[in-house]
Amino acid sequence: AECWVFLHREVLRKKHLKDVHLQQVSVRRFASFNLFSIEDQNTEEETGTWVQYRSIFYPKYSVSLRFHNGLLNVKDVLTSFDNTGNVCLWPSEEVLAYYCLKHNEIFRDLAVCELGGGMTCLAGLMVAISADVKEVLLTDGNEKAIKNVNEIITRNQNAGVFKAQKVSSCILRWDNETDVSQLEGHFDIVMCADCLFLDQYRASLVDAIKRLLQPSGKAMVFAPLRGNTLNQFCNLAEKAGFSIQRHENYDEHISNFHSKLKNEEKDTYEENLHYPFLLILTKQR
Ligand SMILES: C[S@@+](CC[C@H](N)C(=O)[O-])C[C@H]1O[C@@H](n2cnc3c(N)ncnc32)[C@H](O)[C@@H]1O
């Protein structure tokens, strides 16, 4: 909800400018799981605004994020590759980010990659600020998203908040042979949030995860059911030789909040679209 409010304010501001090249594209309507607070940093730029995103449960952890203002150039929407990650942070990303903070000890000395992290790669950033991790690579297939992530990295690097030895970002398309082969077998953990619903790219996502991971590596995937799409992903992953643990209840706070939302926010909360499941994928030996 916070994110929605924030974007809405931006939309109103831009409306005054009567910029005919901008239009609002879909913004999620529900809600977050109340895992992060957002403080405005009062530094608005042409393309977005800087905010401080702070974990509510682990408040010593916060990062500066820049959000696009929720308005995309019509030309960009029509011509550039998948813009779903440029609009807003989705609940799965917040849940993954929270989960990484909660379990930050599992990343010790590991190489971690986030796939399809969108315009913030919040989860990968949380690993980078909280864990004694060797390396974090933040990726997405969308160029604009990665430009934004680069700026976010620089700003947080300057603020000295990273604990990780190395934090970087690059465009990584799951269906691009060169992107994937350059990093083949490099990672101990690959993670992603809400990336399973793209019918066209599901098989390449499975393939990319498999190839990016070293033999004993694991993938951590959060995504809502979104119809049958999570199941379809699991089927493909099993065929590709992964064994999968599927968790519906992985955290007490989130389970409780989920029940509360189901009862009290019937109009905006749709379990099918909003409640993230956790999948842990392991390569079978
Ligand atoms: C629904 S968004 C999720 C973004 C972010 N993880 C979140 O939950 O807020 C899906 C993301 O996948 C990225 N994506 C889609 N297809 C891709 C592909 N073939 N290769 C790499 N990234 C892709 C999009 O650019 C987008 O950022």
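This passage describes the fold and selected local features of a predicted model of a protein chain.

The protein chain contains 10 helices and 12 strands. Of its 285 residues, 54% are buried. Among contacts between residues at least 6 apart in sequence, 74% join residues at least 24 apart.

Helix H3 (91-102) comprises 12 residues, and the distance from its first C-alpha to its last is 16 Å, close to the 16 Å expected at 1.5 Å a residue. Because 11 of these 12 residues are buried, H3 is largely enclosed by the rest of the structure.

At the N-terminal end, H9 is capped by Asp-251, a side-chain oxygen of which lies 3.1 Å from the backbone nitrogen of His-253.

Aromatic side chains were examined next. The model contains 12 aromatic pairs. In one of them, Tyr-99 and Tyr-250 are arranged edge-to-face, with 6.2 Å from centre to centre and 85 degrees between the planes. This pair links distant parts of the chain, as Tyr-99 belongs to helix H3 whereas Tyr-250 lies in the loop between strand E11 (242-247) and H9, 151 residues apart. Both tyrosines, Tyr-99 and Tyr-250, are buried. They also belong to one aromatic cluster, whose other members are Phe-33, Phe-222, Phe-257, Tyr-269, Tyr-275 and Phe-277.

The charged end of Arg-155 sits over the ring of Trp-50, 4.2 Å from its centre. For Arg-226, the charged end sits over the ring of Trp-90, at 5.8 Å from the ring centre. Arg-226 is located in the loop between strand E10 (213-223) and H8, and its phi is near 40 degrees, a positive value in a residue other than glycine.

A positive phi is also found at Cys-121, where the angle is near 50 degrees. Most residues other than glycine have a negative phi. Cys-121 occupies the loop between strand E6 (111-115) and helix H4 (122-130). With a relative accessibility of 0%, Cys-121 counts as buried.

Lys-239, by contrast, counts as exposed because its relative accessibility is 73%. This lysine lies in helix H8 (residues 229-239). Lys-239 and Val-206 are separated by 33 residues in sequence, and their C-alpha atoms are 9.8 Å apart in space.

Key:
Residues numbered from 1 in each chain as written. Predicted model: local features only at pLDDT ≥ 70, side-chain atom pairs only at ≥ 80, totals over all residues. Heavy atoms only, no water. Polar contact = N/O pair within 3.5 Å; in protein donor to acceptor, adjacent residues only side chain to side chain. Helix = DSSP H or I, 4+ residues; strand = E, 2+ residues; numbered from the N terminus. Phe/Tyr/Trp six-rings, centres within 6.5 Å; stacked < 30°, edge-to-face > 60°. Buried < 20%, exposed > 50% of the residue type's maximum accessible area, 1.4 Å probe, protein only. Lys NZ or Arg CZ within 6 Å of the ring centre and 35° of its normal. Expected span 1.5 Å × (residues − 1). Contact = heavy atoms within 4.5 Å.
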